[in-house]
Amino acid sequence: MKYEIGSERVVSKVLDDEAVVINLDDGLYYSMDGVAVAIWCHLTGGGSMEALTTELGQRYPGVGAATDDAAALLASLTEAGLLREATGDGAAQAETEILWPEVYARPELLRYDDVAEMVALDPPLPEMSR
């Protein structure tokens, strides 16, 4: 199954080894780093969950929980409305290379609501993309 950005009102930017994702509808913003960024880039770049499972197994062969961790991250991303199942042929392929960390660390989605009202009233940064 393939995924895409959850709506036109979800914007994201990957800077160095961190992904920032903002839902402009509710003003919540999210941060991910490490393996979570690679998973985000894979899924938003048109990769399927099945391909992700294979990739994780090849990159982190000694980490039995990697697939379950990725599924948990995907559940968090979809529950927050940041990703959804792709319609039609799925998301477009990403043009950038995915940078996978050498060392595995459990992927996490961090949620921030401290500026939610400001973000909802005044959307940020025109350079943020969908």
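Trainee: Leaving aside its neighbours within four places in sequence, with which residues is Thr78 in contact?
Mentor: In this predicted model, Thr78 is found in helix 3. Thr78 and Tyr3 are 75 residues apart in sequence, and their C-alpha atoms are 9.3 Å apart in space. With neighbours within four places in sequence left aside, the contacts of Thr78 are Tyr3 and Leu83.

Trainee: Is Thr78 buried, partly exposed or exposed?
Mentor: Buried requires under 20% relative accessible area and exposed requires over 50%. The relative accessibility of Thr78 is 32%, so Thr78 counts as partly exposed.

Trainee: At what angle do helix 1 and helix 3 pack, and how is that arrangement classed?
Mentor: The axes of helix 1 and helix 3 are 11 Å apart, and the packing angle is about 65°. Angles of 65 to 115 degrees count as roughly perpendicular. Helix 1 and helix 3 are therefore classed as roughly perpendicular.

Trainee: Which residues of helix 3 does helix 1 meet, and how do the residues of the contact divide by class?
Mentor: From helix 1, the residues Ala36, Ile39, Trp40 and Leu43 take part, and they meet Ala70, Leu73, Leu74 and Leu77 in helix 3. By class, this contact of helix 1 with helix 3 holds eight nonpolar, no polar and no charged residues.

Trainee: How does helix 1 pack against helix 2, and what is the handedness of the crossing?
Mentor: Helix 2 covers residues 49–59, and its axis is 10 Å from that of helix 1. The angle between the two helices is about 145°. The crossing of helix 1 past helix 2 is right-handed.

Trainee: How many residues in the contact of helix 1 with helix 2 are nonpolar, polar and charged?
Mentor: Helix 1 contributes Val35, Ile39, His42 and Leu43, which meet Met49, Ala51, Leu52 and Leu56 in helix 2. The residues of this contact divide into seven nonpolar, one polar and no charged.

Trainee: Why is helix 1 described as largely enclosed by the rest of the structure, and which of its residues are buried?
Mentor: Helix 1 spans residues 35–44, and nine of its 10 residues are buried, so the rest of the structure largely encloses this helix. The buried residues are Val35, Ala36, Val37, Ala38, Ile39, Trp40, Cys41, His42 and Leu43.

Trainee: What geometry does the aromatic pair of Tyr60 and Tyr104 have?
Mentor: The structure holds three aromatic pairs. In the pair of Tyr60 and Tyr104, the centres are 5.2 Å apart and the planes are at 65°. Planes over 60 degrees apart count as edge-to-face, and the pair is accordingly edge-to-face.

Trainee: How far apart in sequence are the parts that this pair ties together?
Mentor: Tyr60 lies in the loop between helix 2 and helix 3, whereas Tyr104 lies in the loop between strand 5 and strand 6. Both Tyr60 and Tyr104 are buried, and together with Trp100 they form one aromatic cluster. The pair therefore ties together parts whose separation in sequence is 44 residues.

Trainee: Is Asn23 buried or exposed, and with which residues is Asn23 in contact beyond four places in sequence?
Mentor: Asn23 has its place in strand 3, residues 18–23. Its relative accessible area is 8%, so Asn23 is buried. Leaving aside neighbours within four places in sequence, the contacts of Asn23 are Arg9, Val10, Leu28, Ala80 and Leu82.

Technical notes: Residues numbered from 1 in each chain as written. Predicted model: local features only at pLDDT ≥ 70, side-chain atom pairs only at ≥ 80, totals over all residues. Heavy atoms only, no water. Helix = DSSP H or I, 4+ residues; strand = E, 2+ residues; numbered from the N terminus. Buried < 20%, exposed > 50% of the residue type's maximum accessible area, 1.4 Å probe, protein only. Contact = heavy atoms within 4.5 Å. Axes fitted to C-alpha atoms, helices over the stretch in contact; angles between N-to-C directions. Left-handed = near helix turned anticlockwise from the far one by under 90°. Nonpolar A, V, L, I, M, F, W, Y, C, P; charged D, E, K, R; others polar. Phe/Tyr/Trp six-rings, centres within 6.5 Å; stacked < 30°, edge-to-face > 60°. Parallel < 35°, antiparallel > 145°, perpendicular 65-115°, else oblique.
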